[in-house]
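Welcome! Please take a look at the sequence and the structure below, and then let us walk through them together.

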Amino acid sequence: MHKHIGEPIVKKRLEQPYVGIPIVATVSEQDRVNSLIAELVDWLKTKEIKPAGRPFFRYWCAEGLEKKYKMEVAVPVMRMVTGDARVVGSCIPGGCYVTAIHKGHPDDVEKSLNALEQWALREELNIDKRWEGEAEIWNGRFEFFVPISKEASDWNKWAIEIAFLLTPDDAA
């Protein structure tokens with residue numbers, strides 16, 4: 001297992017409504033992606049909607065050599081919310097997920113993602129994804145920001161829960 005990843009587990013999650021801002025970005029554009037969190041929190045405040053948890057990223061698709069990610073920067077909410085031209089309302093699907101905690105700099109999360117996927121393969125678990133040509137498409141790939149200490153400015157002390165939705169046949 002990669003040094004930045006904790007012990008993987010399989011756990012059930014209930015469906016969770018959220019609001020998000022869709023974006024297409026590469027890993028090198030992480031500052032642009034992260035800046036959307038503040039925009040989303042401000043949007044919720046103007047609508048007088050309280051977040052129901054910490055921000056997260058939902059990845060829908062990765063394609064091409066540059067790995068352009070189609071994703072959403074999102075915040076959970078208590079009930080479904082109607083979006084607008086910029087913000088979408090959606091749900092984290094309920095089901096079984098393979099999860100692990102990545103500890104350390106977010107730049108190293110790709111190694112943890114790969115390690116978790118390899119672990120799932122060794123355990124004969126099927127991640128709910130498919131390929132369309134060069135595009136890898138996920139029904140549920142998430143990075144949830146885990147509450148961290150007051151040293152949040154130190155990227156090396158960050159924690160991210162990685163979660164992959166499993167196919168329904170692995171939901172036993």
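Alanine 135 is part of strand β8; strands here are DSSP runs of E with at least two residues, helices are runs of H or I with at least four, and both are numbered from the N terminus. With a relative accessible area of 8%, alanine 135 is buried, a word that stands for under 20%, while exposed stands for over 50% and partly exposed for what lies in between (1.4 Å probe, protein chains only).

Which residues does alanine 135 touch, not counting residues up to four places away in sequence? They are Cys61, Ala62, Glu63 and Arg130, where a contact means heavy atoms within 4.5 Å. Glutamate 63 is 72 residues away from alanine 135 along the chain, yet their C-alpha atoms are separated by 4.3 Å.

## About the model

This is a predicted model, in which local features need pLDDT of at least 70 and side-chain atom pairs count only at pLDDT 80 or more, whereas totals for chains, interfaces and linings use all residues. Residues are numbered from 1 along each chain as its sequence is written, and side-chain values use heavy atoms, with hydrogens and water left out.

The predictor's confidence in each residue is given as pLDDT, from 0 to 100. The protein chain has a mean pLDDT of 87, with 87% of its residues at 70 or more. Where pLDDT is low, the predicted coordinates should not be read in detail.

## The overall fold

The protein chain contains nine strands and two helices. Followed along the sequence, they come in the order β-β-α-β-β-β-β-α-β-β-β.

Of the chain's 172 residues, 47% are buried. Among contacts with a separation of 6 or more, 74% join residues 24 or more positions apart.

## Inside the cores

A nonpolar core is a set of buried Ala, Val, Leu, Ile, Met, Phe, Trp, Tyr and Cys residues joined through side-chain atoms within 4.5 Å. The largest one here has 39 residues, and Val19, Phe57 and Leu116 touch the most other members. Elements giving two or more residues to this core include β2 (16-25), α1 (30-46), β3 (56-63) and α2 (109-122). Another core lies apart from it and has nine residues, among them Phe56, Ala74, Phe142 and Phe144.

Leaving aside neighbours within four places in sequence, the contacts of valine 19 include Leu40, Trp43, Leu44, Val73 and Val88.

## Aromatic rings

How many aromatic pairs does the structure hold? There are eight; rings of Phe, Tyr and Trp (its six-membered ring) pair if their centres lie within 6.5 Å, and planes under 30 degrees apart count as stacked, over 60 as edge-to-face and the rest as tilted. The rings of tyrosine 18 and phenylalanine 56 have centres 5.2 Å apart and planes at 80 degrees, so this pair is edge-to-face. It links distant parts of the chain, with tyrosine 18 in strand β2 and phenylalanine 56 in strand β3, 38 residues apart. Tyrosine 18 is buried at a relative accessible area of 0%, and phenylalanine 56 is buried at 0% too.

Tyrosine 59 and tyrosine 69 make an edge-to-face pair, 5.2 Å centre to centre with 75 degrees between the planes. Both of these tyrosines are buried. Arginine 141 lies over the face of tyrosine 59, at 4.5 Å from the ring centre, and also over the face of tryptophan 138, at 4.5 Å from that ring's centre; a charge sits over a ring if NZ of Lys or CZ of Arg is within 6 Å of the ring centre and within 35 degrees of the ring normal.

Isoleucine 101 is in strand β6 and is partly exposed, with a relative accessible area of 28%. Beyond residues up to four places away in sequence, isoleucine 101 touches His4, Ile5, Gly6, Val146, Ala159, Ile160 and Glu161.

Threonine 26 sits in the loop between β2 and α1. Is threonine 26 buried or exposed? At 13% relative accessibility, threonine 26 counts as buried. Setting aside neighbours within four places in sequence, threonine 26 is in contact with Glu66, Lys67 and Lys68.
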